[in-house]
Amino acid sequence: MHPKYFVHALCVVLVPWAANAQNAPKTFVLKATPSTVHRGFFDASLKPVLTIDSGDIVRLETVSGNPRYFEKLGVPKDRIPAELYAAFQGVDNDGRGDHTLNGPIAIRGAEPGDMLEIRIRSVDVRLPIAGQGFAPNRGALPEQFPYQKDRVTWIDVQRKVVEFAPGIEIPAKPFWGVIAVAPPAAMGRVPSGPPNIFGGNMDNKDLGAGSTVYLPVHVAGALLSIGDGHAVQGYGEVSLSAVETSLKGEIQVVLHKNRRLRWPRAETATHYITMGLDPDLDQAAKIATSEMLDLLAETK
């Protein structure tokens, strides 16, 4: 998440919303290739790479990790998955490429004023290599770390653990940091760093398997994009990165007609989550609190 922005979450015991999906959903596969991703921005003018109906299921394979980034850090080419070379073909820099986003996915019938429900049915690590790093004068403690550092982190995909350091293993708890619909057309092309009313780089570790994200629709088709895979992360990216890696998983998308939202919301098996996003921390907290009051009034 951009260091100036803040996601404030207030939680209560879950009361599920009703959803009206079609009876026989279709299943699609969307892998990350040069023709199915966009990098570092959202834009209402993007053409969809896939079109689905409400209730359909999409099996995703997302990528994080530009091979040139790993080569720069001394990783031999034979240890870098060939799939990453294919997915990053044509990229002319050696940045890590975290915000390589699958999509956009259009949902038939979605219009401004509707709500999109994205059910995260499953999400898992799928490649053994990940990257981490911080940059000077950014993050939560810029005065203590006024320099840049990058590192390669390895993942035991079979055991689902992150090999963080010798003798230190962290269980993988994967999730996608970026889940977004297209912004309103009037906003033009928007960088994918700070989140906003369309979702985006929310970096919320609670949005893993079994969670549900709700986003307001701003343009025809909604134009859903997903990526920025995290093998594991704390509450926020205090150093500007999680364990950034490639993921696989399955989502189900349900369209709710005439169900207007102002800001993203989510739910897990135990909690409702409302979000406030603003450069001013106090204002972000006010937005999230107001959203929680609205949600409780609507559901209770």
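Arg96 counts as buried, with a relative accessibility of 13% (buried means under 20% relative accessible area, exposed over 50% and partly exposed in between, using a 1.4 Å probe and protein chains only). Bear in mind that this is a predicted model: local features need pLDDT of at least 70, side-chain atom pairs count only at pLDDT 80 or more, and totals for chains, interfaces and linings use all residues. Residues are numbered from 1 along each chain as its sequence is written, and side-chain values use heavy atoms, with hydrogens and water left out.

**Salt bridges**

- A search of the whole structure turns up 20 salt bridges (a side-chain nitrogen of Lys or Arg within 4 Å of a carboxyl oxygen of Asp or Glu).
- Arg96 pairs with Asp150 in one of these salt bridges, and the closest N and O atoms sit 3.8 Å apart. Arg96 is in the loop between H2 and S6 while Asp150 is in strand S8, so the pair ties together parts that are 54 residues apart in sequence (helices, H or I with at least four residues, and strands, E with at least two, are DSSP runs numbered from the N terminus). Asp150 is partly exposed, at 22% relative accessibility.
- Lys257 makes a salt bridge with Asp114, with 2.7 Å between the closest N and O atoms. This pair links distant parts of the chain, 143 residues apart: Lys257 is in the loop between strand S16 (244–256) and strand S17 (265–267), and Asp114 is in the loop between S6 and S7. Lys257 is partly exposed, with a relative accessible area of 40%, whereas Asp114 is buried at 2%.
- Arg265 forms a salt bridge with Glu291, where the closest N and O atoms are 3.4 Å apart. Here strand S17, which holds Arg265, is linked to helix H3 (residues 281–299), which holds Glu291; the two residues are 26 apart. Both Arg265 and Glu291 are buried.
- Arg265 and Glu291 also belong to a network of salt bridges, together with Arg259, Arg262, Asp294 and Glu298.

**The largest pocket**

- The largest pocket holds about 650 Å³ of space. It is lined by 32 residues, and the closest to its centre are Arg96, Asp98, His99, Arg138 and Leu240. Helix H1 (67–72), S7 and strand S15 (224–230) are the elements that give two or more residues to this lining.
- For the search, a 1 Å grid is laid over the protein atoms alone: a cavity is a set of points where a 1.4 Å probe fits but cannot get out, a pocket is an open set with protein on both sides within 12 Å along at least five of seven lines, and lining residues have an atom within 4 Å of a point.
- The pocket lining divides into 8 nonpolar, 14 polar and 10 charged residues (Ala, Val, Leu, Ile, Met, Phe, Trp, Tyr, Cys and Pro count as nonpolar, Asp, Glu, Lys and Arg as charged, and the others, Gly among them, as polar).

**The cavity and its neighbours**

- The model has 1 cavity of 30 Å³ or more, and the largest cavity has a volume of about 30 Å³.
- Lining the largest cavity are His38, Phe42, Asp43, Leu46, Pro104, Ala182, Leu223 and Ser225. By class, that makes 5 nonpolar, 2 polar and 1 charged residues.
- You'll find Pro104 in strand S6 (residues 100–107).
- Leu223 sits in the loop between S14 and S15 and is buried, with a relative accessible area of 5%.
- Ala222 has a positive phi too, near 70°. Ala222 lies in the loop between strand S14 (212–216) and S15 and is buried at 0% relative accessibility.

**Surface and loops**

- Leu141, Phe145 and Tyr147 make a nonpolar surface patch of about 270 Å² (patch residues have over 30% relative accessible area and no salt bridge; like charges are joined within 9 Å and nonpolar side chains, meaning Val, Leu, Ile, Met, Phe, Trp and Tyr, within 5 Å).
- Phe145 is in the loop between strand S7 (115–134) and strand S8 (149–156), and is partly exposed at 34% relative accessible area.
- Leu73 is in the loop between H1 and helix H2 (82–87), and is partly exposed at 32% relative accessibility. The C-alpha atoms of Leu73 and Asp150 are 7.7 Å apart, although 77 residues separate the two along the chain.

Key: Accessible areas come from the Shrake-Rupley method with a 1.4 Å probe; for residues, only the protein chains shown count as cover. Grid points are joined across faces, edges and corners, and a volume is the space filled by probe spheres set on the points.
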